[in-house]
Amino acid sequence: MTIRAVVFDVGECLVDETREYGTWADWLGVPRHTFVAQFGATIAQGKDYRETFQVFQPGFDLYQQREARAAAGRPEWFGEDDVYPDVRPAFAELRAAGLWLAIAGNQTVRAGGLLRELFTGDVDLIGTSDDWGASKPDPLFFERVAEVTPAALDEILYVGDRLDNDVLPALEAGMRTALIRRGPWGWIQQHDPAAGRSTFRIDSLAELPELIAKFNAASR
């Protein structure tokens, strides 16, 4: 089967989250390099990244603190400067090749609004975990992706930076996958044997158009 649709994760796939995690360190009153060090250690130990916050503030509730930040005039935010430079050229090339494109990740309603401001003209659909009431790696999230994508499961390529949240559950759902090596998960998880299960392993989204074209040509 050929790849007819490409669905992208958000954080560290399309959007560089350096700014956002820096603002969380500031909110907690923790030096940014200290927060980042603990963040990496938490990931390397295979824990949920949200455990990072508990180290600095036991009982930390991420949802409540997001609301508190917004009320204080310091809401979560990302913009054009945070979009990785390979994103828009890759989108344009993939669409020119006739592929259906979507963005789908674990994002809040507010982040979904930011994504629509940035990417509505670049992709065919934008969906978030808050929109769908299901978060990765829950299989229900990938069922939602399948429901809104006009392609068979094995014609969908899901692109993300994480094995645990992106590649492995998407494979379990029956999709193809591309694992991009950037961001903390991309680098820390790169040597995990499970990374070899991904359909493609890439360092840039610029690699995708040629890889998909070759894959599709070989499948015909």
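The following legends describe close-up views of a predicted model.

**Figure 1. Overall fold of the protein chain.** Local features need pLDDT of at least 70 and side-chain atom pairs count only at pLDDT 80 or more, whereas totals for chains, interfaces and linings use all residues. Residues are numbered from 1 along each chain as its sequence is written, and side-chain values use heavy atoms, with hydrogens and water left out. The protein chain has 11 helices and 6 strands (DSSP runs numbered from the N terminus: helices are H or I with at least four residues, strands are E with at least two). Its radius of gyration is 17 Å, close to the 17 Å that the globule rule gives for 220 residues, so the protein chain is as compact as a globular protein of that length (the radius is taken over C-alpha atoms, and the rule is 2.2 Å times the number of residues to the power 0.38).

Figure 2. Strands of a sheet pair through backbone hydrogen bonds, either parallel or antiparallel. Here 6 strands form an open sheet in the order 3-2-1-4-5-6, with parallel pairing (two strands pair if DSSP finds at least two bridges between them). Strand 3 (125-128) and strand 6 (200-202) are the edge strands, each pairing on one side only. Strand 1 (residues 5-8) and strand 2 (residues 100-105) are joined over 4 bridges in the parallel sense, and Ala 5 stands opposite Trp 100 in strand 2.

**Figure 3. Helices against the sheet.** Helix 9 packs on the sheet and touches strand 4 (156-160) and strand 5 (176-180); contact means heavy atoms within 4.5 Å. The direction of helix 9 makes about 160° with that of strand 5 (axes are lines fitted to C-alpha atoms, for helices over the stretch in contact, and angles run from 0 to 180 degrees between N-to-C directions). Helix 11 (residues 208-219) also packs on the sheet, touching strand 1, strand 4, strand 5 and strand 6, and its direction makes about 165° with that of strand 6.

**Figure 4. Two backbone details in loops.** Most residues other than glycine have a negative phi, and most peptide bonds are trans. Glu 12, although not a glycine, has a positive phi of about 65°; Glu 12 lies in the loop between strand 1 and helix 1. The peptide bond from Lys 136 to Pro 137 is cis, with omega near 10°, and Pro 137 is found in the loop between helix 7 and helix 8 (139-148).
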